[in-house]
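Reader: I would like to learn how to read a few features of a model. Please take them one by one.

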Amino acid sequence: MNKRFSTLVAAFAAIATVSYAQIGDKYVHLKASSTTNFLTVTKENSAKADSVKLESSTNLTTKAQKDSALWLPKFVEKMVSGDSVFQFVNKATKKNLSFAVKKNGAGAYGTMIAPGVDKFVFKTGVAGGSEIYAAYGQDSIVSISTTPGKLNVGTSLPGEKFEVAAPASISLATVADLAGKLSTFKFEFKGKDGGIFTATDLIPVPVQVAGVDKYRFQVVGQEKSTKGTKKDQYITIDTTMIGSTTSIQVAAFKLDTIVAAGGAQYQGGNEGLQTFKLSMDLGNDSISMTTDSIVRFVNGKYEVAVHGGATSTYIVGYKTFNGAPVLCIDSAAIEAPFITLAKGTPVKLAGGTGVYSLQLKAKGGNSEVANNDKYLVGDGSAYVAAASAYIPSTQFYVKEHEDGTYSIQGREATSISTKTGSNGETYGEAIASSLLLDEEPLYAVDVANGVYHLGKGADTDTLVFKKLDVDLTNEHIGYKYYTKEEMGYGAVKFNLASAAADDIYLSLVQDSVIAGAKGAEKALELRLVEGAEIAKDTVYYGAQALGDTLVRVAYALEQAYDAEGRLAHEPVNSVEVVKLSKKANLQNQRFFFVAGPAEDSYKIVEATTTNNDILTLNISNLSVTYDEPVAGVETYFNIEGAEAPVYKKMESGHYNIGNGLEMLTASAGVAKMLRVGDELKAASTADDFSLYVDSAYVNRGEDNTEYGYYIYKGAEVKNDTIIGSVLSAKGKFAADAAKGDSAIFRSATIVKDTIAYEGDLKDGKQNKYKVRDAKNTSLVGFKVVEEGGFEIVALNSNKKLAVVNGVVIFSDNVAPLTFTTEATEAPTANEDVEVSEVTVIAGNGNVTVAGAQGKKVVISNILGQTVANTVIASDNATIAAPQGVVVVAVEGEEAVKAIVK
């Protein structure tokens, strides 16, 4: 301790204003001298964190507010100077008075409670009161300022003075005063038997008698009388005597119903015998319990006595009979016990925190009886016939709190507000339904069968809680969700979920209209398109106030290849027709797949729909519209998968990558499209057309489903390192209107997810590029254009491999080549390469064969059906062929695949 404090006089233990036997036994107010302002814990700051301020006592009206202004002094040490050091514990927060002594945003030392200085000298014997302060560092003193939100930090003793004030007793009046947020509580009589008052939990029932706040007490488990109409019963001063005519004569306590004034029992009613006034000493939370009336005995006969003033207050306490204390009530010669409150035993929901359905069990005669046995939805103001583990609107998230209370909120909401994320994209956020219960107790009706009610009272409707088998880790429950992997490689088709017609699919008919059709072969395959095209594409909802967040994602759907448009609905003669459209409004193109009561069946709902409209299939005529369900029967579909990749997935290995008779290869480091024997015949170092394809990713990451590859001509693979010549874009190319980058094979070293090009240095050091770095010009994808064919796309520039005047380039303004792949063996050194003069070129609706005059040509589709069989009469013949992949077999040559557009 700093020498500055060595002259301080003895402090807190000698404070004359405190009447308690020993400082530290009770909580006290720290009052600014000459004011009625108490040092109080508050959250009145921007961070909503505990801090202190001086609050006027007139603003401290509730028990909770008064508790925030009470402090328990805990002796720490007495210094050699005789000064005493204390810590002060706040009654409301149970935290020490403690400051970090740091400046806030306003440039002042704030009063926020934080670890730091927490031991204070209380200096008495100074003019105007006492000083509270602490040493900080070598020369500074910390004290509390009368300026709100400010600490004094300096070298001077504080100017502010404080006094210690005992708290006034308060009258208790509410259930919360006794039970907190629960419905029950317990009395504790500090080591003594409290009889009926401590045997089990009590239920407080607040009443007012002649304008005075009082309580009746029910005993949990014995709330009702077993006699007659089984009315509520309460702890009552009985007319049965304890004692004898030669010793004490006092009344016992028992349970009884209310006897109205003027009744024969209790000589005119028992209101004064079963209503108790409770007062609490906030210094130690001890309770005194009194009544207005008692039962007295004269020669063994009872009489009801009503006190005539404060001097005749009847106190619950003890008298001695046969050497033992007897709990009774009297105004004289009674030993008052030390009574305190304890937490009651909360009603427990057997399943604890989780997702439940809530079924109404309405009592007769009230407004909800028509919904008896139905299930609550939303905020509990609407009902449905059944609940499902697959439908969030029929589910409620129930959270059990540590204090035994519960919060309940519906998981579904339909009102959506638009939000903007940190990345600038908009999204929807559901306006959650109000809580059915907000940190309040449940009341038991039939716990074994899950029956409870949410409010106290005999006429309250009851609810059956049934815990649903819901995966709380699945944030997409209730809506079909597709991963990026599924979206990038797959398509969907919709099969009507109907026992009467299980082979009906959504199909494409004339004029791009969607209708039902029988048979999977007629099913329309649609690729899913995700994206923030409208604000409500992605919506966050759930019982978010309770930490339960769900997400639903809307999708557009388009044909996988050669799309005629997106699935949408458009008005045609006042009917919302479902079709593939390129002009429909965006909001009419985005759909949620909403789960039905049966697992894996879904209805199709447009993302902005707020009414009951859904995609509806009329089973009688197979027409498809977007409107109200027919006769209230909703249309559900089973969603089946199909392959429709955007980018081709390739296994690492060696491939021939070809277009017709020509194949991609390297010649003197330049990418070329050649036939066997072209320029390679004279190039003795060239092996053949085999190229090595390998994934560009080693550590892909959880959310990366991109199929990116490197194409090598000669590669040495060692663990996670590859050294070889990799297809790359380098140098500009221009010829007439055609522009792009020259395609070459460039020496490089690939280690994990980085690529380093030979000779690419900066300040003598090797440059290394990540997979998605723009300077990585080797990353390619195999974009599928139709079944069996693909384009090679440089993914960091979006340019595609093309040929202009025999030169291979990457370009975005030249029609790309369409390739096929065929697995092959690794190249063998010095292997001979045969020469062929025949060229096959695929065109629009035809195939051109050059160099095959006089030879027979057979063209077949991929099903093996012959579409052309002819002998070529000229050196350059064009033959009609169907769109798609065809096989061209020229007499004396190996058959090749070609893709006709």
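Reader: Is Phe-592 buried or exposed?

Author: Buried means under 20% relative accessible area, exposed over 50%, partly exposed in between (1.4 Å probe, protein chains only). Phe-592 is buried, at a relative accessible area of 5%. Phe-591 and Tyr-626 are both buried too. Tyr-479 is buried, with 11%. This is a predicted model: local features need pLDDT of at least 70, side-chain atom pairs count only at pLDDT 80 or more, and totals for chains, interfaces and linings use all residues. Residues are numbered from 1 along each chain as its sequence is written, and side-chain values use heavy atoms, with hydrogens and water left out.

Reader: How many aromatic pairs does a search of the whole structure find?

Author: Rings of Phe, Tyr and Trp (its six-membered ring) pair if their centres lie within 6.5 Å; planes under 30 degrees apart count as stacked, over 60 as edge-to-face and the rest as tilted. The search gives 31 pairs. Tyr-479 with Phe-592 is an edge-to-face pair, 5.7 Å centre to centre and 70° between the planes. Tyr-479 sits in the loop between β34 (462-467) and α4 (484-489), and Phe-592 in strand β44 (residues 591-595), so this pair ties together parts that are 113 residues apart in sequence. Helices (H or I, at least four residues) and strands (E, at least two) are DSSP runs, numbered from the N terminus.

Reader: What do Phe-591 and Tyr-626 form?

Author: They form an edge-to-face pair, with 6.4 Å centre to centre and 65° between the planes. Phe-591 lies in β44 and Tyr-626 in strand β47 (residues 624-627), so parts 35 residues apart in sequence are tied together. Elsewhere, one aromatic cluster is formed by Phe-185, Phe-187, Phe-189, Phe-197, Tyr-215, Phe-217, Phe-253, Phe-276 and Tyr-318.

Reader: Which residues of strand β39 are on its covered face?

Author: In a regular strand the side chains alternate between the two faces of the sheet. In β39 (residues 538-541), Val-539 and Tyr-541 make the covered face, Thr-538 and Tyr-540 the uncovered one. Two strands pair if DSSP finds at least two bridges between them. Here four bridges join β39 to β40 (residues 550-553), and the two run antiparallel. Thr-538 is opposite Val-553 of β40.

Reader: In what order do the three strands of the open sheet come?

Author: The order is β65-β66-β69, with antiparallel pairing. The edge strands, β65 (839-842) and β69 (876-880), each pair on one side only. Five bridges join β66 (residues 846-850) to β69. Asn-846 has Ala-880 in β69 as its bridge partner.

Reader: Which residues line the second largest pocket nearest its centre?

Author: Rolling a probe the size of a water molecule over the atoms shows where empty space is left. On a 1 Å grid over the protein atoms alone, a cavity is a set of points where a 1.4 Å probe fits but cannot get out, and a pocket is an open set with protein on both sides within 12 Å along at least five of seven lines; lining residues have an atom within 4 Å of a point. The second largest pocket has 42 lining residues, and Ser-393, Glu-412, Thr-414, Val-594 and Lys-603 lie nearest its centre. β44 and β45 (602-606) are the elements giving two or more residues to this lining.
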